[in-house]
Every structure is written in structure tokens, then in C-alpha cells.
Amino acid sequence: MASALKSAPLINKSEWVQGQTFPFPSLSVVRCHPVAPSALFVRAASCSDQLVKTVKTIASPGRGILAMDESNATCGKRLASIGLENTEANRQAYRTLLVTTPGLGQYISGAILFEETLYQSTTEGMKMVDVLVEQNIVRALQGLVPLPGSNGEPWCQGLDGLASRSTAYYQQGARYAAISQDNGLVPIVEPEILLDGDHRIDRTFEVAQKVWAEVFFYLAENNVLFEGILLKPSLVTPGAESKDKATPEQVAEYTLKLLHQRIPPAVPGIMFLSGGQSEVEATLNLNAMNQAPNPWHVSFSYARALQNTCLKKWGGRPENVKEAQDALLVRAKANSLAQLGKYTGEGES
């Protein structure tokens with residue numbers, strides 16, 4: 001892997017971003033996360049061929065990622081919305097519901113976990129990571145820690161402390177965790193641009209052009225193997241408070257234009273965030289982007305857009321587990337069809 005990465009050519013930054021500086025946009029317009037890769041890693045063998053194979057498994061036709069990596073605090077907000085206390089037992093019960101959904105692996109190829117989930121067992125006593133293995137679902141890991149000197153702001157650990165965390169992760173059977181530097185790593189790069197603001201879709205496009213150019217410049221400069229990464233961006237949409245709403249066709253037009261301008265065809269998979277969209281809205285937008293062949297696997301890495309109805313159906317009641325799991329499968333299947341460009345929205349509002 002190391003020798004393969006070292007052979008990648010370096011490029012001049014001015015050739016990539018045409019001499020533009022990278023000004024972060026005003027918070028009142030569009031807020032951006034830092035452009036470094038997020039702390040989501042998939043463990044693969046040390047050879048690049050195996051690394052590429054792992055990525056292609058995740059980016060397989062009709063499948064996408066279930067993002068269930070909410071921190072305990074964020075998970076607590078979800079539980080509070082259905083009147084549940086934020087306890088480990090309640091978090092365990094909800095995560096058990098998700099990972100044990102029968103047939104989930106037909107539509108979901110990967111699951112991003114919070115660190116607590118890595119060590120958790122289901123309510124029946126089976127390791128959650130083992131349940132995912134049985135469903136043929138690849139596991140990834142994201143860990144948030146408090147940012148020193150901030151007002152409780154969390155951040156992704158990335159490579160910081162990687163060596164000290166890797167042994168414990170590996171002992172838990174986490175193939176898709178941060179591991180030692182001499183092993184192949186599949187980073188899920190997340191240049192998310194938040195929806196905050198009342199800006200038009202053109203402004204989002206303008207900012208995303210600069211963010212994505214900067215991201216891929218530094219990926220290339222650091223000899224990252226593009227065939228061995230996944231990109232997890234947000235869609236190009238108007239700001240959440242914008243009066244100018246965009247149709248799925250408009251979102252697809254802007255987003256695909258940006259992909260073609262900024263993303264090398266060597267990148268195997270583009271796994272979009274739902275980013276505040278409703279469940280059906282996120283599915284319609286994904287479907288619109290897959291109406292013609294793309295050089296990448298254009299798919300999803302959804303959290304709320306897969307889980308909202310599921311969570312409400314469950315309501316914390318054991319007798320509602322099957323109904324909630326059925327709701328999760330409905331959304332997973334809908335987005336599977338959208339990845340194939342075959343979603344019709346029939347029966348949904």
C-alpha cells in the first residue's frame with residue numbers, strides 16, 4: 001500500500017484550484033467542516049488490491065450506508081423526541097432494533113458506528129458487530145471527542161491517537177476501524193457543507209466548488225489512492241431557510257455538474273449525506289441523480305432519512321420493534337431503488 005501511494009504524482013496547487021485562495025464562507029451563508037478526511041476508516045489488507053475490493057463491496061449496486069454513528073449526546077436527543085431517557089440501556093435497545101432488522105443487508109452495504117456501539121452487545125447478548133457481519137454489512141467507525149478550548153464543540157479524532165486506539169478496536173473484531181499505519185486504510189472523506197442559511201443553490205454550488213477542489217488537491221498532494229476512498233459529501237441544495245426551493249431535478253443537475261468538475265472518475269463511490277432533508281426528499285434527490293449512468297457509484301449514507309419513521313414507530317416499546325424494523329426496511333429499499341434510478345415514490349407523500 002505504501003509503495004503504491006508513493007508512486008502517485010504530485011500536482012501544483014495552482015493547476016488544481018487555478019490560484020484561488022480558500023476563504024471559508026460566512027457562517028450566515030454556508031458553514032463548512034474542515035476539509036481534512038473524517039475519522040471514518042475501513043480496515044483492509046495491506047495491499048491496494050484488497051483495499052479497492054473492500055471499497056467496491058461498499059459501493060455495490062443498489063446498496064448504501066446506514067449512518068448510525070450519532071454520539072451519545074445526539075442519540076439522547078433522538079430518544080428524547082419519543083419520550084425516552086438517554087441511558088445506555090435505551091441506546092442499546094434502539095441500536096439492537098437497527099442492526100437486527102431482518103434482510104437489512106440486501107439494501108445496506110455499510111454501517112457507520114459510534115465507538116460505544118463497537119463494544120456493545122444486542123439485548124440478546126450478541127455482539128452488534130457480529131450481527132452486522134452476518135448481514136454482510138461492512139462496519140465503519142467514527143469517534144467524536146471534545147475540542148480543547150471550545151464551548152463543548154466535538155471533533156473527529158482522525159489520526160490523533162490512532163496507534164493507541166487500534167489495538168482495542170481490532171480486539172473487538174472491528175475490521176472497519178482506525179488501525180495501524182502499515183495497514184491499508186479506506187478513509188470516508190466528508191467535505192460536508194451545512195444547510196444553515198437563506199442562500200440560493202448557486203451560492204452552495206460556488207462554495208462547494210472551492211471546498212471540493214481544496215479537498216482533492218490535498219488528497220493528491222498526500223498521495224492518497226483515489227480508487228481506495230469513499231466520498232461522503234452533502235448535496236448541492238439551497239439553504240434551509242431559503243425561499244427558493246429546488247426540485248429533485250435541479251438538485252441533481254447542480255450536484256452532478258459539481259461531481260463532474262471536481263471528482264476524479266477513479267473514486268469508486270459517492271455516498272451522499274441526507275443533510276436535513278426529509279426522508280422522501282432525500283430519496284427523490286438521489287433517484288434524480290441516477291437517471292443516467294455515472295462514472296461513480298452514486299449512493300447514500302443516511303441517518304435521519306433512514307431512521308426517522310423507524311424511531312417514531314418504535315416509541316421505546318418492545319411490542320413495536322417489528323413495525324419499526326419494517327419501516328426501516330421500507331426506507332432502505334426505497335433508497336436502494338433510488339441508487340438504481342428506479343424509485344417512483346408510489347404510495348409515499
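## Aromatic residues in a predicted model

Phe300 is buried, and Tyr302 is buried as well. Both residues belong to a model that is predicted, and the description below should be read with that in mind.

By the ring-centre rule, the count in this structure comes to 5 aromatic pairs. In one of them, the rings of Phe217 and Tyr218 have their centres 4.7 Å apart, and because their planes stand at 75°, where anything over 60 degrees counts as edge-to-face, the pair is assigned to that class. Phe300 and Tyr302 also form an aromatic pair, with 5.4 Å from centre to centre and 40° between the planes, and this pair is tilted.

## The chain as a whole

The chain contains 13 helices and 10 strands, and of its 349 residues, 54% are buried. Among contacts with a separation of 6 or more, 79% are made by residues 24 or more positions apart. The chain exposes about 15800 Å², of which carbon and sulfur atoms supply 52%.

## Strand S2 and its partners

Strand S2 (residues 64-68) has 5 of its 5 residues buried, so the strand is largely enclosed by the rest of the structure. S2 pairs in the parallel sense with strand S3 (residues 108-114) over 5 bridges, and S2 also pairs in the parallel sense with strand S10 (residues 297-302), here over 2 bridges.

Leu66 takes part in both pairings: its bridge partner in S3 is Ala111, while in S10 Leu66 stands opposite Tyr302. That tyrosine, Tyr302, is a member of the tilted aromatic pair with Phe300.

In soluble globular proteins, nonpolar side chains tend to be buried together. The largest nonpolar core of this model has 68 residues, and the members that touch the most other members are Phe216, Ile263 and Trp314. Helix H9 (residues 201-221) gives the most to this core, contributing 10 residues. Another core lies apart from it and consists of 14 residues, among them Val138, Val186, Leu225 and Met271.

## Helix H5

The buried residues of H5 are Asn90, Arg91, Tyr94, Arg95, Thr96, Leu97, Leu98 and Val99.

## Two loop residues

Thr237 is placed in the loop between strand S8 (230-231) and helix H10 (248-262). Although it is a loop residue, Thr237 has a relative accessibility of 9%, and because the cut-off for buried is under 20%, Thr237 counts as buried. Once its neighbours within four places in sequence are left aside, Thr237 is in contact with Leu195, Ile201, Thr204 and Val251.

Asn136 is found in another loop, the one between helix H7 (128-134) and strand S4 (138-142). Most residues other than glycine have a negative phi. Asn136, which is not a glycine, has a positive phi, near 60°.

Note on methods. Residues numbered from 1 in each chain as written. Predicted model: local features only at pLDDT ≥ 70, side-chain atom pairs only at ≥ 80, totals over all residues. Heavy atoms only, no water. Helix = DSSP H or I, 4+ residues; strand = E, 2+ residues; numbered from the N terminus. Buried < 20%, exposed > 50% of the residue type's maximum accessible area, 1.4 Å probe, protein only. Contact = heavy atoms within 4.5 Å. Pairing = 2+ DSSP bridges. Areas by Shrake-Rupley, 256 points an atom, 1.4 Å probe, with all protein chains shown as cover. Phe/Tyr/Trp six-rings, centres within 6.5 Å; stacked < 30°, edge-to-face > 60°. Core = buried A, V, L, I, M, F, W, Y, C linked by side-chain atoms within 4.5 Å.
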